[in-house]
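Trainee: Please take one part of this model and go through it closely with me, starting from what the record says and then moving to the geometry.

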Amino acid sequence: GLIIDGSTLSLILNPSQDSSSSNYKNIFLQICLKCTAVLCCRMAPLQKAQIVRMVKNTKGSPITLSVGDGANDVSMILEAHVGIGIKGKEGRQASRNSDYAVPKFKHLRKLLLAHGHLYYVRIAHLVQYFFYKNLCFILPQFLYQFFCGFSQQPLYDAAYLTMYNICFTSLPILAYSLLEQHINIDTLTSDPQLY
């Protein structure tokens with residue numbers, strides 16, 4: 001991990017005119033990319049967003065996550081791929097501008113390790129499900145148009161089309177989201193390697 005404060009970062013991002021100090025930004029970026037976590041403290045909001053943008057625009061485009069609890073963290077949260085806002089004493093600006101909001105910092109572990117893992121697995125399955133569901137929905141109608149000479153005569157009644165979408169779009173997704181947990185949440189939170 002890396003911890004850096006605002007005054008140190010200003011020396012790195014805004015170097016003097018020396019040729020040796022212009023290389024500091026690249027060295028700092030290489031150090032950041034080798035770390036699993038970078039903690040920025042006592043920084044201006046613009047500096048926080050600059051760090052996230054710098055890491056986000058590097059080679060390989062790593063996924064960035066920002067966690068903040070106040071109005072000064074909004075620019076950083078908006079710049080990151082995933083922004084998490086914590087409702088706290090500093091107000092709710094961070095949670096209003098974030099992708100996910102948690103009431104306390106202690107809920108961050110469960111959000112990332114348990115719900116993040118389950119979301120990733122579910123979305124991987126559901127992308128395939130929607131592809132094949134739509135294939136079964138559209139292909140017969142497309143083939144029927146050859147039979148009826150492309151006269152736009154519908155193959156199914158409108159009520160069947162509505163019921164198809166209700167039965168095969170909403171109900172399976174609801175059941176899948178409520179019932180599918182291939183690994184228990186307690187196991188996911190206790191073993192971060194499963195993520």
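The sheet and the helix packed on it

Mentor: UniProt, in an unreviewed entry, places the feature "domain: P-type ATPase C-terminal" at residues 96-195, where positions follow the numbering used here, feature names are shortened and annotations may be inferred rather than shown by experiment. The model is predicted, so local features need pLDDT of at least 70 and side-chain atom pairs count only at pLDDT 80 or more, whereas totals for chains, interfaces and linings use all residues. Residues are numbered from 1 along each chain as its sequence is written, and side-chain values use heavy atoms, with hydrogens and water left out.

The span 96-195 is 69% helix and 3% strand, and its end C-alpha atoms lie 27 Å apart; helices (H or I, at least four residues) and strands (E, at least two) are DSSP runs, numbered from the N terminus. An open sheet of 3 strands has the order 3-4-5 with parallel pairing, two strands being paired if DSSP finds at least two bridges between them. Strand 3 (65-68) and strand 5 (100-102) are the edge strands, each pairing on one side only, and neighbouring strands are turned by 20° against each other on average, direction ignored. Strand 3 is joined to the parallel strand 4 (residues 82-86) by 4 bridges, and Val 67 stands opposite Ile 84 in strand 4.

Helix 6 (residues 108-147) packs on this sheet and touches strand 3, strand 4 and strand 5, its direction making about 150° with that of strand 4; contact means heavy atoms within 4.5 Å, while axes are lines fitted to C-alpha atoms, for helices over the stretch in contact, and angles run from 0 to 180 degrees between N-to-C directions. Phe 131 is found in helix 6.

As for charged pairs, Lys 48 forms a salt bridge (a Lys or Arg side-chain nitrogen within 4 Å of an Asp or Glu carboxyl oxygen) with Asp 73, the closest N and O atoms being 2.5 Å apart. Because Lys 48 lies in helix 3 (residues 45-56) and Asp 73 in the loop between strand 3 and helix 4 (74-79), the pair ties together parts that are 25 residues apart in sequence.
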